Amino acid sequence: MTDTASIQPKRSPAGWLMFVVQQALCALASFALIWLSFKIGFASNQVVAIWPSAGLCVWMALRFGWASFFAQAGGQMLYSIVFQPDELIAFLPAIAGNAFAICLAVSVFKRFSNTDLPLRSLKTTILLIVVAGGLHSVSAGAIGAIVVGTNASLAASQMWAIGWRWFFSDFTGVVLIAP
């Protein structure tokens, strides 16, 4: 039997503190980008045209891996707590789903690109756009449309339209911000 504790890198207390501070700063940056996105670019009261927070969250997942899940979800939850407290419980599945989709998409990207550096070559750039951007945006659009549509009792055609807007705003945010 292999002792997995010896395989894992050990962090000093100062290293853990630095990690927690980095995650908190990432969550605050995500919160700020969400707030700014809603202030500047709201499209038809459903989904913003560009969602830079998706790009920041992809960068966090590239940098910190699955450990960034809580910072990603934390930024979104903080926004909901501050500006939409009545809707927080209803949006928890979308918050967790979006963070999960980003971590999964970046894991797939890392698996096929063999690098953490998305602009190292044309192959990794295309993989970032197609895999990390596309896989995350499809997942986030579907999850978001289902959660919003279910909570608002929308027709399937309205949910479809929200899903497409969500997809394109997240995809644009990933392409513009993540690299």
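Predicted model: local features only at pLDDT ≥ 70, side-chain atom pairs only at ≥ 80, totals over all residues.
User: How many aromatic pairs does the structure hold?

Analyst: There are 13 aromatic pairs in the structure. One of them joins Trp 16 and Phe 19: the ring centres lie 6.0 Å apart and the planes stand at 90°, which means an edge-to-face pair. Trp 16 and Phe 19 sit three residues apart in helix 2, and therefore about one helical turn separates them. Trp 16 is partly exposed at 46%, while Phe 19 is buried at 13%. Trp 164 and Phe 167 also make an edge-to-face pair, with 5.7 Å between centres and 85° between planes. They too are three residues apart, in helix 7, so about one helical turn lies between them.

User: Which residues form one aromatic cluster?

Analyst: That cluster is made up of Trp 160, Trp 164, Phe 167, Phe 168 and Phe 171.

User: Now the helices. What describes two packed helices?

Analyst: The general idea is to give the angle between the axes and the distance between them. Here, the axes of helix 5 (residues 88-113) and helix 6 (residues 122-152) come within 9 Å and cross at roughly 165°. Helix 5 is therefore roughly antiparallel to helix 6. Their contact has 19 nonpolar, seven polar and one charged residues.

User: What is the handedness of the crossing of helix 5 and helix 6?

Analyst: That crossing is right-handed.

Key. Residues numbered from 1 in each chain as written. Heavy atoms only, no water. Axes fitted to C-alpha atoms, helices over the stretch in contact; angles between N-to-C directions. Helix = DSSP H or I, 4+ residues; strand = E, 2+ residues; numbered from the N terminus. Parallel < 35°, antiparallel > 145°, perpendicular 65-115°, else oblique. Left-handed = near helix turned anticlockwise from the far one by under 90°. Nonpolar A, V, L, I, M, F, W, Y, C, P; charged D, E, K, R; others polar. Phe/Tyr/Trp six-rings, centres within 6.5 Å; stacked < 30°, edge-to-face > 60°. Buried < 20%, exposed > 50% of the residue type's maximum accessible area, 1.4 Å probe, protein only.
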